[in-house]
Amino acid sequence: MSKTKAAPETLPFDEAKSEAFTERFVSALNASSLMMMYSVGHRTGLFDTMDGMDWSTSSRIAEAAGLNERYVREWLGAMVTGRVVDYDATSKTYRLPPEHARWLTRKVSPENLAVTAQWISVLGGVESQIVERFRSGGGVSYECFERFHETMAEESAQTVVAALHEHILPLTNGLEEELERGIKVLDVGCGSGRAACALAKAYPASTFLGYDLCEDAVGAANALAREEGLSNVSFHVKDITGLEEPEAYDLVTAFDIVHDQKDPATVLANIHAVLKPGATFLMQDIAGSSHLEKNLDHPIGPFGYTISTMHCMTVSLAQGGAGLGTMWGEELAEQMLGEAGFGDISKHSLEHDFINVYFVTRKK
Ligand SMILES: C[S@@+](CC[C@H](N)C(=O)[O-])C[C@H]1O[C@@H](n2cnc3c(N)ncnc32)[C@H](O)[C@@H]1O
């Protein structure tokens with residue numbers, strides 16, 4: 001006998017629920033449109049230009065930003081109807097209120113929300129390929145994403161790099177002193193290298209290495225190290241699935257990379273193997289549960305599963321990988337750390353950051 005419940009002939013239909021859904025849909029349509037316009041405002045420098053400007057015409061704003069007036073006026077239309085920019089209909093002038101500028105300009109980094117808005121367009125760029133993978137399976141690889149590493153670098157500069165000294169390093173007892181004395185550090189999946197460069201600058205007696213799969217990210221990381229005149233950090237193209245440097249490091253950092261892995265279990269075991277006894281593993285990943293029902297009230301639940309479908313899960317599947325996805329969850333993360341040989345794992349949330357979670361453990 002089948003355990004599947006038979007569907008009633010006609011499902012009960014709640015008119016009010018149906019109406020409420022259409023309202024939520026329209027609101028999502030406007031909100032997602034605004035996300036693209038926030039991204040454009042960030043990339044063109046319009047928010048930075050308008051910050052502190054008094055009431056101005058579209059021509060004046062376009063001139064100050066060095067942009068085409070017709071495009072700027074249409075963008076302003078989206079910003080005004082979206083209640084981001086104020087509008088005076090009599091003088092046809094616009095103003096970015098300081099209360100909004102406070103969250104939208106480079107000046108306020110690390111709290112520039114417009115940086116995060118860029119994800120919607122970055123993910124939208126691969127939609128046709130993702131639709132095709134829904135039919136065929138498989139994944140979309142890193143090279144197919146326009147501006148992924150650039151956006152990631154800006155994002156993690158705000159969430160991770162800006163919090164390194166005040167919040168993240170103090171999570172491990174004695175780590176700052178070890179870094180000051182001089183230790184060997186590996187950043188796996190280093191991306192554009194901003195975290196490793198920031199640490200290398202702060203701790204000149206320590207040596208830093210960064211490995212990443214993607215040539216363009218490693219190129220940007222080495223360029224940053226050169227720009228900053230850092231001689232104690234270098235970046236290399238390397239697949240950490242094949243990492244074999246037994247007991248070589250005093251600290252391994254993994255910022256937002258484990259769930260993207262083709263073979264996350266092997267990568268965690270490799271990290272365990274490259275640590276010296278007593279050395280530290282610091283892993284940042286996305287906060288959330290491994291159980292969908294526990295993520296219903298997650299502050300960025302839809303965004304988390306969207307970025308997973310459109311990036312994190314698919315880049316892993318593109319390599320024939322596990323496809324854990326962004327929302328693999330803290331329960332599975334702890335389980336896999338344990339299976340890789342780590343014990344005494346401490347988990348931390350930072351008060352100002354509801355997106356990330358930090359796991360710290362020392363190798364026995
Ligand atoms: C979400 S990004 C995070 C980048 C960086 N840690 C940051 O926080 O800005 C994940 C990074 O992991 C890298 N990556 C994924 N799989 C890898 C592998 N097997 N070996 C090395 N790097 C890998 C990707 O190229 C990408 O740069």
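The exercises below go from the domains to the sheet, a helix, the cores and some single residues.

This is a predicted model, in which local features need pLDDT of at least 70 and side-chain atom pairs count only at pLDDT 80 or more, while totals for chains, interfaces and linings use all residues. Residues are numbered from 1 along each chain as its sequence is written, and side-chain values use heavy atoms, with hydrogens and water left out.

**Exercise 1. Find the domains and say how far apart their centres lie.**

Step 1. The domain assignment gives domain 1 as 15–106 and domain 2 as 123–362; such bounds come from an automatic or database assignment.
Step 2. Between the C-alpha centres of domain 1 and domain 2 there are 33 Å.

**Exercise 2. Trace the strand order of the open sheet of seven strands.**

Step 1. Helices (H or I, at least four residues) and strands (E, at least two) are DSSP runs, numbered from the N terminus. Two strands pair if DSSP finds at least two bridges between them.
Step 2. The order reads β5-β4-β3-β6-β7-β9-β8, and the pairing is mixed.
Step 3. At the edges are β5 (233–237) and β8, each pairing on one side only.
Step 4. On average, neighbouring strands of this sheet are turned by 20 degrees against each other, direction ignored. Axes here are lines fitted to C-alpha atoms, for helices over the stretch in contact, and angles run from 0 to 180 degrees between N-to-C directions.
Step 5. Look at one pair: β7 and β9 are antiparallel, with seven bridges. Within it, Phe-281 has Thr-361 in β9 as its bridge partner.

**Exercise 3. Which residues of helix α15 are buried, and what do they pack against?**

Step 1. Buried means under 20% relative accessible area, exposed over 50%, and partly exposed in between (1.4 Å probe, protein chains only).
Step 2. In α15 (residues 330–339), the buried residues are Glu-330, Ala-333, Met-336 and Leu-337.
Step 3. These residues lie on the same side of α15, because they cover an arc of only 125 degrees around the axis. The arc is that of the directions from the helix axis to the C-beta atoms.
Step 4. Their packing partners are α13 (264–274), β7 (275–286), β8 (346–350) and β9 (353–362), where contact means heavy atoms within 4.5 Å.

**Exercise 4. Describe the largest nonpolar core.**

Step 1. A nonpolar core is a set of buried Ala, Val, Leu, Ile, Met, Phe, Trp, Tyr and Cys residues joined through side-chain atoms within 4.5 Å.
Step 2. The largest has 32 residues, and Ile-168, Leu-179, Phe-208, Val-233 and Phe-235 have the most contacts inside it.
Step 3. With five residues, α11 gives the most to this core.
Step 4. A second, separate core of 29 residues includes Ala-254, Phe-281, Leu-337 and Phe-359.

**Exercise 5. Where are Lys-92, Glu-247 and Gly-288 found?**

Step 1. Lys-92 sits in the loop between β1 (86–88) and β2 (93–95). Its phi is positive, about 50 degrees, although it is not a glycine. Lys-92 counts as exposed, at 52% relative accessibility.
Step 2. Glu-247 belongs to the loop between β5 and β6 and is partly exposed, with a relative accessible area of 44%.
Step 3. Gly-288 is in the loop between β7 and α14 (301–317). At 14% relative accessibility, Gly-288 counts as buried.
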